[in-house]
Amino acid sequence: METTKINSWNEWDTLKHVIVGRADGTMVQAPEPGVVRDWPEDGFPKGTYGPLPEEMVHIANEQLDNLVRILEGRGIRVDRPEVLDFSQSVSTPDWTHESMFGCMPPRDVLITLGNEVLEATMSYRSRWFEYLCYRPLLQRYFHEDPDMRWEAAPKPRLTEASYRPGFWDEFEHMTYEQRLERGKRFDLLLTEEEPLFDAADIMRFGKDLFVQPSMVTNRSGIKWLRKHLPNHRVHEFIFEDDYPLHIDATWIPLRPGLVLHCGKRKADPELVKFFHLNDWEIVEAVTPRRTNGPLPPLCFCSEWLAINLLSIDEKTICLEASEEAQAEQLSGLGFEIIPVPFWDVAPFGGGLHCATVDLYREGTMQDYFPRRYGRF
Ligand code: ABU
């Protein structure tokens, strides 16, 4: 039996153990208060739902399996989730929903914080039971690692009270600028009825965690994280974004003192000052190759998946293979780039960071922000 040790504090220490998701069975989920899909040109007009085409699943799984081979070739242990029947309807005492979603993006569901693996609340009904895909692994880690802490945030009720009434009708008719304005005020979909968050809205920098409120994370979720993690500093901040959804294509730490930023999503000036005060350099990522499209069909992520990267250590980065300008920029910053073809995985929920959850990275909790500033 392999020895299991859960330990990961940041995004760049040397990686030794990781989960990689699977594309099998992924659904365009049934419409629900948390999300509404409308892809008439790709066979899923508003109100319809169903499995992604087999051919797309096959290609995405080839790319995921190739990532697994690359990681294993570097001596990294890789585990995979259990696929469920995501076409089944699911119920709690409060609601029934016609479908689940999938298990490609483990990053949305799980986060490792030192020796703790935390299951996020999630905010879509279709993703309420997604943690079950990871339970066989988590149970195993729990039994194998005497020091592992296994935690689950309070399961949300996700009644109508968790969503702003009429949001989607308003949102559909808003201009880009109006959406930015709503985003700046965090006047978005979720109410503060109960704590809600996706793990992918949290970015780990050792003792400091940076969390953005988004379409899937509310302030109560961040408050819950702050109460749950008294040994961390949990910072909340907003980027200018018309559809904020996960921080991992916006603000990406590459090594101590260097963060990559999607400049289109302007950062809070206070956040920038805080980083500079602590001697962090902020580099604006180059324009992604798919900025003027096209994105793959049924893709709900943005072209900024170009920087949704996976660090193997503080000198080595797995990066989408076709993003050559991005590779050049990162090489210029001193990184070795491992090109990984991955765009066909995007319709299943994201890029290389989304598709993975690191469970063991060498290293300990460090304080990379010894100087305080303003509310940070
Ligand atoms: N889950 C990452 C998505 C980020 C983006 O679409 O920009």
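Over the ring of which residue does the charged end of arginine 290 sit? It is tryptophan 343, with the charged end 4.6 Å from the ring centre; a charge counts as sitting over a ring if NZ of Lys or CZ of Arg is within 6 Å of the ring centre and within 35 degrees of the ring normal. Arginine 37 does likewise with phenylalanine 300, its charged end being 4.2 Å from the centre of that ring. This is a predicted model, in which local features need pLDDT of at least 70 and side-chain atom pairs count only at pLDDT 80 or more, while totals for chains, interfaces and linings use all residues. Residues are numbered from 1 along each chain as its sequence is written, and side-chain values use heavy atoms, with hydrogens and water left out.

Now for the rings themselves. The structure holds 30 aromatic pairs (rings of Phe, Tyr and Trp, the last by its six-membered ring, with centres within 6.5 Å; stacked if the planes are under 30 degrees apart, edge-to-face if over 60, tilted for the rest). One of them is stacked: tryptophan 280 with phenylalanine 369, at 5.2 Å centre to centre and 5° between the planes. Tryptophan 280 lies in the loop between helix H7 (269-277) and strand E15 (281-284) and phenylalanine 369 in the segment after strand E19 (356-361), so the pair ties together parts 89 residues apart in sequence (helices, H or I of at least four residues, and strands, E of at least two, are DSSP runs numbered from the N terminus). Both partners are buried, tryptophan 280 with a relative accessible area of 4% and phenylalanine 369 with 0% (buried is under 20%, exposed over 50%, partly exposed in between, with a 1.4 Å probe and protein chains only). Ring pairs also link these two into a cluster whose members include Trp12, Phe205, Phe275 and Tyr368.

Then there is the nonpolar packing. The largest nonpolar core has 51 residues, and Ile19, Leu110, Tyr141 and Phe197 are among those touching the most other members (a core is a set of buried Ala, Val, Leu, Ile, Met, Phe, Trp, Tyr and Cys residues joined through side-chain atoms within 4.5 Å). Elements giving two or more residues to this core include helix H3 (135-144), helix H6 (219-228) and E19. Apart from it lies another core, of 34 residues, among them Trp12, Ala267, Phe275 and Tyr368.

As for the ligand, its surroundings include Leu245, His246, Arg265, Ser302 and Cys354 (a residue counts if one of its heavy atoms lies within 4 Å). A polar side-chain atom of serine 302 is 2.7 Å from a ligand oxygen atom.

Definitions and conventions
Polar contact = N/O pair within 3.5 Å; in protein donor to acceptor, adjacent residues only side chain to side chain.
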